[in-house]
Amino acid sequence: MIKKTGPFLQRHRLKKYYEFQAVFENGRFFYNEVFKIGFLKSENVESRLGVIVSKQHGSAPKRNRIKRLIREMFRQNRSNILKSGDVLIIPRFNVKEWNLEICEKAFGILVKKYNDSLGIHQVH
């Protein structure tokens, strides 16, 4: 069965420098071999995503592909995150070939760590 999720709209994105800085300064960060992810509770109605992809990942098309994969993964899995939170994702350099399956697996592990740190246990 395919999950029905809405589109990834502009209001679902972190756009301003101060929004990214707020996550860096006040957020809780979790790591694995694929991502570094920062979570920050906020007053927003919906969770928002910010992505930072370094030039060390390669050319602009490669970086844009990584960002597209991360946005799609977030769009499909945002129901697992707090409804009012900002998420900052920074891909690590350990991954040679990026695909949606790798992203979803790594993201799921880190969201579980975050939820466990808050005492939230989800039943699927």
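Asparagine 80 lies in the loop between α2 and β4. Asparagine 80 is partly exposed, with a relative accessible area of 22%. Here buried means under 20% relative accessible area, exposed means over 50%, and partly exposed is in between (1.4 Å probe, protein chains only). Lysine 112 sits 32 residues from asparagine 80 in sequence, yet the two are 8.6 Å apart in space, C-alpha to C-alpha.

This is a predicted model: local features need pLDDT of at least 70, side-chain atom pairs count only at pLDDT 80 or more, and totals for chains, interfaces and linings use all residues. Residues are numbered from 1 along each chain as its sequence is written, and side-chain values use heavy atoms, with hydrogens and water left out.

**The chain**

The secondary structure comes to three helices and four strands. Helices (H or I, at least four residues) and strands (E, at least two) are DSSP runs, numbered from the N terminus. Along the sequence, the pattern is α-β-β-β-α-β-α. The chain has 124 residues, and 40% of them count as buried. Among contacts with a separation of 6 or more, 80% come from residues 24 or more positions apart. Contact means heavy atoms within 4.5 Å.

**Helix α2**

Helix α2 covers residues 60–77, which makes 18 residues. From first C-alpha to last, α2 reaches 26 Å, close to the 26 Å expected at 1.5 Å a residue. The expected span is 1.5 Å times one less than the number of residues. Its buried residues are Arg63, Ile66, Leu69, Ile70, Met73, Phe74, Arg75 and Asn77. Their cover includes β2 (35–41), β3 (48–51), β4 (85–91) and α3 (100–118).

Arginine 65 is also found in α2. Arginine 65 is partly exposed, at a relative accessible area of 36%.

**Helix α3**

The 19 residues of α3 should span 27 Å at 1.5 Å a residue, and the end C-alpha atoms are 27 Å apart, which agrees. Buried in α3 are Cys103, Ala106, Phe107, Leu110, Val111, Tyr114 and Asn115. The cover over these residues includes β1 (28–31), β2, α2 and β4.

**Where α2 meets α3**

Two packed helices are described by the angle between their axes and the distance between the axes. For α2 and α3, the angle is about 55° and the axes are 9 Å apart. Axes are lines fitted to C-alpha atoms, for helices over the stretch in contact, and angles run from 0 to 180 degrees between N-to-C directions. The two helices are therefore oblique to each other. Angles under 35 degrees count as roughly parallel, over 145 as roughly antiparallel, 65 to 115 as roughly perpendicular and the rest as oblique.

From α2, the contact takes in Leu69, Glu72, Met73, Phe74, Gln76 and Asn77; from α3, Leu100, Cys103, Glu104 and Phe107. These residues divide into six nonpolar, two polar and two charged. Ala, Val, Leu, Ile, Met, Phe, Trp, Tyr, Cys and Pro count as nonpolar, Asp, Glu, Lys and Arg as charged, and the others, Gly among them, as polar.

Leucine 100 belongs to α3. Leucine 100 is partly exposed, with a relative accessible area of 25%. Leaving out residues up to four places away in sequence, leucine 100 touches Leu69, Glu72, Met73 and Gln76.

**Pairs apart in sequence**

| Pair | Apart in sequence | C-alpha to C-alpha |
|---|---|---|
| Leucine 100 and glutamate 72 | 28 residues | 8.0 Å |
| Arginine 65 and asparagine 99 | 34 residues | 9.3 Å |
| Asparagine 80 and lysine 112 | 32 residues | 8.6 Å |
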